[in-house]
Each structure stands twice: as C-alpha cells, then as structure tokens.
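Welcome to this tour! Keep your viewer open and get ready to select things as you read.

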Amino acid sequence: MKTESILVIGANGQIGSVLVEYLRGIYGDNKVIASDLRVNPDRQDYFEVLDATDGTALQQIVKRHKITQIYHLAAILSAKGEQDPLNTWQINMQTYFNVLEVAREHGVKKIFYPSSIAVFGAHVHGSADQFSYLDPSTVYGISKAAGENWSNYYFTRYGMDIRSLRYPGIISYQSMPGGGTTDYAVDIYHKAVKGEHFDCFLKEDATLPMIYMSDALDATVRLMEAPSEKISVRTGYNLAGMSFSPKEIYESIRKVIPAFEISYNPDYRQAIAESWPSEIDDSEARKDWGWRPAYSLDKMTEEMIQELRKKYE
Ligand code: NAD
Ligand code: AKB
C-alpha cells in the first residue's frame with residue numbers, strides 16, 4: 001500500500017465519483033479524502049464539504065489531512081459554462097489558483113489538473129496535434145487553456161509537480177455527466193437501455209473525440225505514477241480513446257438493441273462541437289508514459305449496455 005494522502009476536489013461529479021473508488025483501491029480508503037460542495041448521502045466516509053473558491057477552507061483540509069496529492073476536478077463544463085461566462089471563469093480559475101497556492105505553501109507533492117479537448121478551437125482542422133495553436137471558443141476552454149499555462153508556470157517557477165491530461169468526452173455507466181457538449185454520448189445509452197427514443201442535440205455527423213471511463217482512469221493514474229523525468233509536457237497531454245459521430249454511436253447501439261430509434265435536433269451545443277477537433281494525436285502520451293487505450297466503440301457499447309441493464313432491469 002502506498003503512503004500518500006490524496007485530496008479529490010469535485011469528487012461527486014462524473015469523474016470524481018468513480019475516480020475516488022479507483023484511487024481508494026490503490027492507496028487505501030482512508031488515504032483518499034473526497035470533497036465537494038455538498039456531501040453525497042451515499043458516500044459520506046472520508047468526505048469533507050469544500051467550496052474550493054474558499055482558499056482558507058482548502059488550506060485547513062490540506063493541513064488537517066497532511067495532503068500530499070490533489071486531484072482538482074471542480075469546474076463548470078462547456079455547455080453549462082456558456083450560460084454564465086464570467087461566473088464560469090471565476091469558479092474555474094479561482095478554485096485552481098487556490099489549489100496552486102495552498103499546494104505551494106504546504107508542500108503538496110503532486111497535483112492533477114484535468115484539461116480538455118475544449119482548449120482547441122477553429123484553427124485546428126481534423127486531428128489536433130499536441131502543440132496545435134489554442135484558440136478555444138468557450139469560456140470553459142479558455143479557462144482550461146489558461147489553467148494549463150498556469151500549471152506550466154508553477155512547474156517552471158516553483159518546481160511543482162503538476163500533471164495534466166486533455167480529456168476527450170468521457171463515457172461512463174457509473175455516473176452521469178454534468179453540463180458538457182459530449183454528454184449526449186452517455187445519455188444515449190440510458191435511453192437505449194430504457195427502451196426510449198433518443199433526441200440528439202448534435203447533428204448526426206458531429207464527430208468528437210471520446211474515451212471510456214475505464215481508459216480515462218487508467219491514463220490518469222498511469223500519468224500520476226510515471227517517473228518525473230518521463231513527463232515532458234507540463235501544460236496538458238493530448239489523450240485519445242476513440243472518435244465517433246452521433247450516427248456511429250447509434251449504429252453501434254443498434255447492433256445490440258435493433259429497435260432503438262434516434263432523431264436529431266441540434267442546438268447551441270452543435271457550434272461548440274464544431275469548434276472542437278474530431279481526432280486527437282496523443283503520440284506524446286504514448287511515447288512518454290506508455291499510454292494505450294483498451295476500448296473501441298463496439299467494446300464500450302457492449303459493456304455500457306450490459307452494466308446499464310443491471311441498473312434498469
Ligand atoms: P462534473 O460537472 O460532473 O463534476 C464537477 C464537480 O465539481 C461537481 O460535483 C461539482 O459539485 C463540483 N464543484 C463545482 N464547483 C465547485 C467548487 N467551487 N468547489 C468544490 N467543488 C465544486 O465534472 P466531471 O465531468 O466530473 O469533470 C471533472 C473535471 O474533468 C472537470 O475539471 C472537467 O473540466 C474535466 N473534464 C471532464 C470531461 C468529461 O467528459 N467528463 C472531459 C474533459 C475534462
Ligand atoms: C464537455 O463536453 O464540456 C466535456 C469536455 C470534453 O471537456 N465533456
């Protein structure tokens with residue numbers, strides 16, 4: 001068992017609720033402190049209520065638990081973020097500045113910062129290279145690009161060990177997404193398994209990079225456990241799982257549930273999707289710390305449907 005004391009901020013969200021259990025399996029239950037704005041009645045053990053915009057409250061938790069690593073997941077995502085841009089900027093940046101400063105002052109050894117494919121914009125066509133120009137279209141993407149640069153700044157200036165992945169849209173059966181443009185790709189499985197019609201908010205050919213939760217967890221811990229000298233990218237590593245359009249995920253589901261039906265009613269999220277790349281080149285992650293995804297679209301579909309059937313049937 002490894003001797004770390006880990007704080008997960010934003011632990012009740014789509015990633016956090018699964019990542020906390022995964023980290024506890026590696027480091028031990030009492031070594032992973034979950035925190036979020038509100039307590040989750042189903043998971044109250046080793047939990048702290050924390051609004052991460054409050055730096056003093058964060059500092060007290062870091063001191064009390066002698067925290068050595070922080071996974072900073074709290075953020076407002078792309079679609080929800082557009083409803084109140086200035087508040088999104090305030091939350092996404094203030095929480096991260098608090099993490100960086102508290103970590104610096106209290107000698108926290110490692111920080112994980114989740115970035116996103118939302119850092120890319122109109123000047124990337126097709127596949128996004130690791131070092132593509134970043135001109136994000138959403139306030140969420142602007143905050144993630146800024147966060148990446150601040151990570152690199154704290155690494156260069158203070159020698160802090162901050163590691164980051166540009167996650168694609170994450171697909172999970174364990175948890176629901178919280179306000180992103182890629183959320184449709186989780187919702188579609190729930191509708192299919194419940195025998196309901198699915199009305200998609202993107203066009204049928206809106207191809208986006210996505211990743212299955214199991215691969216995302218593997219990549220996250222693989223990155224965090226890699227020797228420091230293997231980390232050549234201190235902004236955010238490109239990470240790819242698979243790429244598909246709404247039509248392609250629909251066809252994948254139809255192989256298992258032939259009666260499933262879909263319609264398309266694109267809304268404001270279509271413009272966000274169009275500003276993102278359709279493919280991600282993750283050669284740096286593969287080269288530096290041996291990243292390889294395990295799931296294809298069809299393999300993920302089979303597991304998603306199998307797991308959701310247990311939930312609904
Ligand atoms: P989510 O919206 O499901 O969860 C975010 C959590 O943060 C929520 O539980 C929320 O209560 C909490 N939170 C919000 N403001 C907070 C604050 N001030 N203090 C403490 N907690 C606060 O998000 P997620 O999908 O789990 O994403 C986690 C991180 O990963 C985010 O930074 C997101 O940008 C990034 N990311 C996610 C995806 C994805 O597809 N899920 C893709 C790329 C990047
Ligand atoms: C979103 O759609 O906002 C997220 C992301 C790709 O960052 N899922």
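Which residues in H2 meet which residues in H4? Before selecting them, note that this is a predicted model, in which local features need pLDDT of at least 70, side-chain atom pairs count only at pLDDT 80 or more, and totals for chains, interfaces and linings use all residues. Residues are numbered from 1 along each chain as its sequence is written, while chains are lettered from A and ligands numbered from 1 in the order in which they are written.

**Stop 1: H2 and H4**

Select helix H2 (residues 55-64) and helix H4 (residues 85-106). Helices (H or I, at least four residues) and strands (E, at least two) are DSSP runs, numbered from the N terminus. From H2, Gly55, Leu58, Gln59, Val62 and Lys63 meet Asn98, Glu101, Val102 and His106 of H4. Here, two residues are in contact if their C-beta atoms, placed from the backbone, lie within 7 Å. By class, this contact of H2 with H4 has 3 nonpolar, 4 polar and 2 charged residues. Ala, Val, Leu, Ile, Met, Phe, Trp, Tyr, Cys and Pro count as nonpolar, Asp, Glu, Lys and Arg as charged, and the others, Gly among them, as polar.

Now look at the axes of H2 and H4: they come within 10 Å and cross at roughly 40 degrees. Axes are lines fitted to C-alpha atoms, for helices over the stretch in contact, and angles run from 0 to 180 degrees between N-to-C directions. H2 and H4 are therefore oblique to each other; angles under 35 degrees count as roughly parallel, over 145 as roughly antiparallel, 65 to 115 as roughly perpendicular and the rest as oblique.

**Stop 2: H11 and its partners**

Next, select helix H11 (residues 297-312) together with helix H8 (residues 246-254), and you will find axes that come within 9 Å and cross at roughly 55 degrees. That makes H8 oblique to H11. Show Glu248, Ile249, Ser252 and Ile253 in H8, which meet Leu297, Asp298 and Thr301 in H11.

**Stop 3**

Colour domain 1 (6-170 + 213-238) and domain 2 (172-209 + 242-278 + 295-312), whose bounds come from an automatic or database domain assignment. Their centres, taken over C-alpha atoms, are separated by 25 Å. The contact takes 27 residues from domain 1 and 21 residues from domain 2.

**Stop 4: the ligands**

Where does ligand 1 lie relative to the two domains? Both domains give residues to its shell, so ligand 1 lies between them. Of the 29 residues around ligand 1, Gly10, Gly13, Ala75, Tyr167 and Gly178 come nearest; a residue is near a molecule or strand if its C-beta atom, placed from the backbone, lies within 6 Å of it. The shell around ligand 1 has 14 nonpolar, 13 polar and 2 charged residues.

Finally, select ligand 2, with residues including Leu77, Ser78, Tyr140 and Thr181 around it. The shell around ligand 2 has 4 nonpolar, 6 polar and no charged residues, and draws at least three residues from each of domain 1 and domain 2.
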